[in-house]
Amino acid sequence: MSEETANYSWVETHRELVKYLAKNQNNQKEMIALLKNLGISAFNDRDADGNIIDLEEIDPFTFFCYIYKFGSQKRLAYLQQIAECLKIQPVPTGESGIPSANAQKVWLFPYKVKRINNEISRLWQLFFDALDDNISDEQFEDILKIRGTGKAKITEALFYINPEKYFPIDAPTKPYLKEKLGINPQFDSYTEYLGILKKIREKTEKPFYELSYEAWKWNSERSKISYWVFQGNPDAFDFETALTNDLLDDWTVTAHKEKIKKGDKVIIWITGKNSGCYALAEVTQEARIKEKSPADHLWKTENQNRLRADIKITHNLVSNPITKEMLENIDELSDLKIGNQGTNFSATEDEYLTLLELADAMNVKGLTDDETAYPLNTIFYGPPGTGKTCNTILRAAQLIENRIITDYKEAQRIFNKNLGDRIEFITFHQNYSYEDFIQGLRPDVNHSGGLAFERKDGVFKRIADRALKSMNDEKNGQKNYVIVIDEINRANISRVFGELITLIEPDKRSHGAIPLQCTLPSGEKFVVPSNLYVIATMNTADKSIALLDIALRRRFEFEPMYPLYEIEGHEIHAVDVLKKINKCIRELKGHDFQIGHAYFMGNHSDLIEGMNKKVIPLLLEYFMNDEKEVKGILESAGLVLENDVYPIRISGLK
């Protein structure tokens, strides 16, 4: 589409649609129903118990993101249908200049289980304040703390609701601003963002929506992404094992070898009786002669072709592939080039985005390179047995691999492989000190010249040095590093962290907006690198969040972990008993003293043994050995108590 034929009729449509949204803050279910009725999917939320539930609340920015997570033809069709349904005029005939929403991160808010601070209400307030031109730096900073937002995403959202006033500063527009208009696109506050808009106005009189299209067009022509189907035959190669064990990092190229280039998007299609899309990937290096690959031992026939393109799996669907049968009634995939002889076929953006949407609907989410998918400082908190430590292993593995991992055994393998190098695991205790964590001076008992002291770096200092070295390694590229702190609330946090309590903030780190450094006891200068993630666990039965050091609370994001009663792919034994016990505990002591589902899983399949050896001792500890209270809880759960025994034991169910 040329500049002359670009169509901006959507601008007026958006203006009228914003009026509709402004009237429906209290009718959010109606907004969601409107999107669902169009055929848009992926509205699964998760409740406090981790169960999948329907999304029942939404903000106006996310409403727009649901429309614009699709390719150009499909999103225009959806916008037209919305206009007709709401009797909005004009019905748009084009969508030039509208930024695409990331199909992997549509929401500007987290799951319900993690919505603990009125996140959606805060987004609605931003919406109304934007319409009234009343956004403050403090509000802007506060919104960026919501998991699911980001500076690029917020500016895109503001552009959706007022494309004449706001300009999206995202991946397509940043290089355009810098190289074509000579404007630095970096900003850290709302005031600085407005400053960029002012500079744009000084450079050009074009409306922001026209400039957005021009930037997209310029960037697309400069680095045009192509889409491909890479097809494989399971009779020739064991693709399932390769994907399961993360061994697939290249693909044989027999066609389009001059056109397949770095950055292209790939649909991995496996043929055979279980044919389907088993992964989505990205080309990381053009086709070349490659003699060896990690998965060569998985060939079932001799591979005659050594011409291969390197790929990175971004969405691994091997455990839940999108089968050929699932595509039969999807118009956008009716012409997908699959099933023919060959390994490489061209595809379209709409085909790739449609499969990406299906992967998203199946809860297979990828990690993006342009934005941090997880916060730098996280604390998993909740009662014992809710999987906090297991989740630190899973999260650490995902950060190391820069992709979503759903198989816990795979995560353990990655975790153990990197332990002591890119991952450190420590447990805090009452005597843990700054010298253990950061740096201290220790007596040198082997020194022959009398009493001497030598510098000893603590575990945090050692991994931080390795992470910082990685950030400066231009040859091998930056990698993520992770330190896991189990039971973080058991130590004196202020004493252990010292000055690091400030330096771990994202904007104070090595590549943050205002990097800070401190002087260690040895006189050495030290800065916390921006690629080092701090993951911690906190047992709320030991200490509530309210009792944590205020400085720590402010610098970490807290992710709640409470008992689950249903986990896909896993069995929780005696669920009714667990539910009844926890109901009593919540009424008597509160949520933080519940019994975790882990006590009723795996090796704890024997209810009587698990209750007598694990659960009952924990209940006695919770209730200060008040046998009457504990017996009442057990009986209310339908358990039969043994008579005249100490400590308390059960013999079975009533």
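This is a predicted model: local features need pLDDT of at least 70, side-chain atom pairs count only at pLDDT 80 or more; totals for chains, interfaces and linings use all residues.
Local features required pLDDT of at least 70, side-chain atom pairs counted only at pLDDT 80 or more, and totals for chains, interfaces and linings used all residues. Residues are numbered from 1 along each chain as its sequence is written, and side-chain values use heavy atoms, with hydrogens and water left out.

Helices (H or I, at least four residues) and strands (E, at least two) are DSSP runs, numbered from the N terminus. Helix α5 spans residues 119-131 and helix α7 spans residues 151-161. Their axes come within 11 Å and cross at roughly 55 degrees. Axes are lines fitted to C-alpha atoms, for helices over the stretch in contact, and angles run from 0 to 180 degrees between N-to-C directions. α5 and α7 are therefore oblique to each other. Angles under 35 degrees count as roughly parallel, over 145 as roughly antiparallel, 65 to 115 as roughly perpendicular and the rest as oblique. The crossing of α5 past α7 is right-handed. A crossing is left-handed if the near helix is turned anticlockwise from the far one by less than a right angle, and right-handed if clockwise. On the α5 side, Leu126, Phe127, Ala130 and Leu131 meet Ile154, Leu158 and Ile161 of α7. Contact means heavy atoms within 4.5 Å. The residues of this α5 contact with α7 comprise seven nonpolar, no polar and no charged. Here Ala, Val, Leu, Ile, Met, Phe, Trp, Tyr, Cys and Pro count as nonpolar, Asp, Glu, Lys and Arg as charged, and the others, Gly among them, as polar.

Helix α1 (residues 10-22) also packs against α5. The angle is about 130 degrees, and the axes lie 12 Å apart. That makes α1 oblique to α5. α1 passes α5 in a left-handed crossing. Val18, Leu21 and Ala22 of α1 make the contact with Trp124, Phe127, Phe128 and Leu131 of α5. The α1 contact with α5 contains seven nonpolar residues, no polar and no charged.

Phe187 sits in the loop between α8 (173-179) and α9 (190-203). Its relative accessibility is 4%, so Phe187 counts as buried. Buried means under 20% relative accessible area, exposed over 50%, partly exposed in between (1.4 Å probe, protein chains only). Not counting residues up to four places away in sequence, Phe187 touches Phe140, Lys151, Thr155, Ile169, Glu192, Tyr193 and Ile196.

Arg46 belongs to strand β1 (residues 44-46). At 24% relative accessibility, Arg46 is partly exposed. The C-alpha atoms of Arg46 and Phe345 are 38 Å apart.

No disulfides (pairs of cysteine sulfur atoms within 2.5 Å) were found in the whole structure. Cys390 is partly exposed at 40% relative accessible area. Cys584 is buried at 16%.

Two cis peptide bonds are described here. One runs from Gln89 to Pro90, with omega near 0 degrees. Pro90 lies in the loop between α4 (72-85) and α5. Another joins Tyr646 and Pro647, with omega about -5 degrees. Pro647 falls in the loop between β19 (639-641) and β20 (650-653).

Positive phi occurs at Ala42, near 75 degrees. Ala42 is in the loop between α2 (28-37) and β1. Met624, not a glycine, has a positive phi of about 55 degrees. Met624 lies in the loop between α21 (607-622) and α22 (627-636). With a relative accessible area of 72%, Met624 is exposed.
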